[in-house]
Amino acid sequence: MDTPNLPGNAEGFDVAVIGAGVVGCALARAFTLAGARVVVLEKAADVLDGASKGNSAILHTGFDAPEGSVELACIREGYALYHQIRDRLGLPLIRAGAMVLAWSEAEVAELPALMAQAVANGVTDVQAVTAAEALRLEPQLSAKVMGGFRVPGEHLIDPWSAAHGYLLQALENGATLMRQAEVLTGRRSQGVWHLATTAGAVQAGLVINAAGLWGDEVDRRVTGESWFTIKPRKGQFVVYDKTAASLLGHILLPVPTKTTKGIVVCRTAYGNLLVGPTAEEQDDREHATLDQPTLQALMQRGQDILPALAGHEVTAAYAGLRPATEEKEYRIRTDLAEDYICVGGIRSTGLSAALGIAAHVLRLAERSYPPLENPVWPQMPSLTGEAPRDWQTPGHGGILCHCELVTRREVEAALTGPMAAGSMGGLKRRTRVTMGRCQGFYCSAELARITEGRLAQPMLGGGDGAD
Amino acid sequence: MAQTDVIVIGAGPAGLSAATALARLGVAVTVLDREAVAGGIPRHCNHPPYGLREFRRLMRGPAYAQRLVAEAKAAGVTIRTQTTVTFLHPGGRIDVTSPEGVETLAARAVLLATGVRETSRAARLIGGEKPGGVMSTGALQGIVHLNGQRPFQRPVILGTELVAFSALLTCRHAGIKPVAMIEPARRITARSPAIWLARLMGVPVLLEATVDAIHGRTRVEGVQIDRRGTLQDMATDGVIVSGGFRPEATLLRLSHLEVDPGSGGPVIDLWGRLSDPAYFAAGNLLRGVETAGWCWAEGRRVARAIHAALLGQLPAPEVARLRLGSDAVRLALPQVLPIDRPKPSPADSGAADGLQLRLNRPAKGRLRLMQDGVCLMDRRIDSLPERRITLPLPALRSASDVTLTLEER
């Protein structure tokens, strides 16, 4: 539990951001750097516990986003901003480049239109490739490939350190994080919002709803109505061991359909290889279940594209939920008269677009705050091998998670500070402990000992387990 | 760059016995282990039977592990814990990291004895949610025996290999009452007396059953069991995912050394020598799981082979390859056979005296070793996966491939 040091609870905060997913974290950063006093309200024991928990970790260019959409504009701006700030926050960027590949005549026929759309979207460096060129670029690719095009600007990033970095920068510049703080009701009187949460009352001038999978519900709780309905879309993923990562350079994308970008095969920033996601509509927004036939089908799909995958072990499987709505477009609505902004329906592109969404919403808010002097830029720990890892520097206290080479010093760091892990899932996202091939066989006991009494949601008796 | 005669990677039964034997032969040996305490998996197997073959007494795992470490130290072995190997270079040069930082070590010979781990829930593609309370036997034993913690009260145990009964003993020790043991096959995998332990503890063993899904968002609340096509939910607060041992071989797989896709471990010859002759391997890294005693004996034998190699007395790798001609056979060791059967001599004393086999699935029939169209050996088998099968070494006719076939009945 965070004990918020509420700066003058009487007058409250300038901005309350509801939801600490990647969008909420980016919003908290943007408003804090703009000089606002921000509180972030998260209902889970740790941040990134909803839709942001499971994504495919790609920084998209927006080449296939709908022309003229807010989504496209936010992806483009988010993409540029990520490039701008990533060095100062120590965030990784693996310049993989993508190839959109066609596997049938029908898909080949769609390629020119997709390339034209990319150019129209401002992604002008796409290049058509023949089947032979694709095979030369990616020798492990199945010879059944029929052609495609390269999108050199699509890159791999760390799915979590970006959001953690945005939030940490907000916190280190004065923002407040309240976890296990589910918003129950909202009431506005004399220009001030009074939010009742499970962690106490919060007052704020402006409320921004970034509640992801619960966006419509939070709309109703705060304003009494919602203008959209979340229709969760589940994506299952299979992750292969690090031995498989050398099979591939590019991010391999299929020809997209109307509803989904389709199943991607790519390396991860951590040096694994990932196949997914599926796109399964469901009503349940809490439970993202795995099922064996689907996982097997994903593995088969992976092997159809990269036959050599058959000889590699699966390290992990996970399922995420995307907060899709009735419409493809983001559901961003401002009610400035009511000091309320809803940032809803941020589906699968939230990771790429988050910084752009935050900049967009900051402009929409039309507010000015006393400027923040000399903002702090925290450095995020390197988990991807792009920069030296902690195990390569002396004094790390020994390796704790052997598969992912996570040190004792890294785990200790993740358990302390303004954004200390609140759950086992949160500790995993911050450090990668137990995320490797043994899934906790070797290090669970040591982790249970180190984390005892230090997580709001304990490892034993609550929280994401080792497996 | 630090230099020693032999580096052993892994301070479990195989690595420690090899190091002890080498030190007693006058060889300078350093054992590296990534854990804070040497001894390997027996450290957290707080039950007998250990030590009968090695020390002629019945011991529990932790006492056995301590004894192995004490013997190695007494023989003059240097043991470095909290030292993780990060890369294997050709010729016996290795990168390591320890609390002091990174360094490169070199030796005339490197023995890989990195052991095994159980197959995770993820690698088994078990469906459902991912709550806390799902763990391997190894994790459970560490939590119970090393920490004195109790992660759940009424778990289910998946699998019936010997280790599943080890999990049962761990549960009994911790006052945990498993709800059921669940096995997809029609028989339990461990030798049948093991089932009496389950009966004694009143734990039902469900055969021909699989767990399809795990329920619960933060903690396990139940599992869905598929029993001969009938689905049922069972209330439980934990899942022990036992067995399915696989070599801890990622170092190997990321290196220049040849890997056997069947075993997941290294390709070895009769002396435990790898495709780069500076490297040797022993213990469970070779195959999945064997008893500690077996690994201990294997380590001791390969130590003699390493000693012979250091003296330049090991035969050149003049060889025939052993190939698998049946999908029922998961692995056969060694994968590289000498054309001439080694004669008993000091140099050859580190040679394996037979072949080790494992099945993928229950199978019975005639197992044959074929070379140049001629049957070298013919043996009836009726076995289950993960049971030990041994065959005498065949006398080869040439350097051409030897194929292991199984004519199933």
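**Reading a covered helix**

Tutor: Let us start with helix α4 of chain B, residues 137-146, which is mostly covered, with nine of its 10 residues buried. Bear in mind throughout that this is a predicted model.

Student: Which residues of α4(B) are buried?

Tutor: A residue counts as buried when its relative accessible area is under 20%. In α4(B) that holds for T137(B), G138(B), A139(B), L140(B), Q141(B), G142(B), I143(B), V144(B) and H145(B).

Student: What covers the buried residues of α4(B)?

Tutor: To read cover, look for elements with heavy atoms within 4.5 Å. Here the cover includes β9 (134-136), α5 (162-174) and β16 (238-241) of chain B, together with α11 (444-451) of chain A.

Student: Where does H44(B) lie?

Tutor: H44(B) sits in the loop that runs between β2 (29-32) and α2 (52-55) of chain B.

Student: Is H44(B) buried or exposed?

Tutor: Its relative accessible area is 8%, and a residue is buried under 20%, so H44(B) is buried.

Student: Which residues does H44(B) touch?

Tutor: Leaving out residues up to four places away in sequence, H44(B) touches G138(B), Q141(B), G142(B), H145(B) and L146(B). Compare that with the buried residues of α4(B), which include G138(B), Q141(B), G142(B) and H145(B).

Student: Now for chain A. How many helices and strands does it have?

Tutor: Chain A has 11 helices and 21 strands. Its radius of gyration is 22 Å, close to the 23 Å that the globule rule gives for 467 residues, so chain A is as compact as a globular protein of that length. Along the principal axes, its C-alpha atoms fill a box of roughly 65 × 50 × 45 Å.

Student: What does UniProt list for residues 399-450 of chain A?

Tutor: An unreviewed UniProt entry gives "domain: BFD-like [2Fe-2S]-binding" for that span. In the model, residues 399-450 of chain A are 42% helix and 10% strand, and their end C-alpha atoms lie 13 Å apart.

How values were computed. Residues numbered from 1 in each chain as written. Chains lettered and ligands numbered in written order. Predicted model: local features only at pLDDT ≥ 70, side-chain atom pairs only at ≥ 80, totals over all residues. Heavy atoms only, no water. UniProt positions renumbered as here; feature names shortened; annotations may be inferred. Helix = DSSP H or I, 4+ residues; strand = E, 2+ residues; numbered from the N terminus. Buried < 20%, exposed > 50% of the residue type's maximum accessible area, 1.4 Å probe, protein only. Rg over C-alpha atoms; globule rule 2.2 N^0.38 Å.
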